Amino acid sequence: MSPGVTIRVRLWAQLRDAASCGEWELELPAGSTVATGLESVYARFPKIREWDRSLLLAVGTEYALRTQVLCEGDELSLMPPVQGG
């Protein structure tokens, strides 16, 4: 069995408020994708699932698709949609 990966998850704006937590480390199985990471976030903070259809996702400084494979040390950011005014 392959060793897992440890990533950092960061929540921004309303998501941070909903979770009362801005960032933490998350251990995932090797080969996990952004979607796998999201499911772990939702398991810990079910209220965040309400934003699932409109989340902006990034790995490091680049926007990411849910199919992107996460690597050791990656930073997964979840951001609510940007609202102008």
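The exercises below, with worked solutions, concern a predicted model.

**Exercise 1.** Find where Ala-13 lies, and decide whether it is buried, partly exposed or exposed.

*Solution.* Start with the position: Ala-13 belongs to the loop that runs between strand 1 (5-11) and helix 1 (14-19). Next, take its relative accessibility, which is 35%. Finally, look at the backbone: phi of Ala-13 is near 55°, a positive value in a residue that is not glycine. Most residues other than glycine have a negative phi.

**Exercise 2.** Do the exercise again for Ser-20: in which loop does it lie, and is it buried or exposed?

*Solution.* Ser-20 is in the loop between helix 1 and strand 2 (23-28). Its relative accessible area is 68%. The cut-off for exposed is over 50%, so Ser-20 is exposed. The phi of Ser-20 is also positive, near 55°.

**Exercise 3.** Search the whole structure for aromatic pairs, and classify what is found.

*Solution.* The search gives one aromatic pair. Its members are Trp-24 and Phe-45, with 5.1 Å centre to centre and 65° between the planes. Planes over 60 degrees apart count as edge-to-face, so this pair is edge-to-face. Now place the partners: Trp-24 is in strand 2, while Phe-45 is in the loop between helix 2 (34-44) and strand 3 (56-59). They are 21 residues apart, and the pair links distant parts of the chain. Both Trp-24 and Phe-45 are buried.

**Exercise 4.** Which ring does the charged end of Arg-44 sit over?

*Solution.* The charged end of Arg-44 sits over the ring of Trp-24, at 4.7 Å from the ring centre.

Terms used. Residues numbered from 1 in each chain as written. Predicted model: local features only at pLDDT ≥ 70, side-chain atom pairs only at ≥ 80, totals over all residues. Heavy atoms only, no water. Helix = DSSP H or I, 4+ residues; strand = E, 2+ residues; numbered from the N terminus. Buried < 20%, exposed > 50% of the residue type's maximum accessible area, 1.4 Å probe, protein only. Phe/Tyr/Trp six-rings, centres within 6.5 Å; stacked < 30°, edge-to-face > 60°. Lys NZ or Arg CZ within 6 Å of the ring centre and 35° of its normal.
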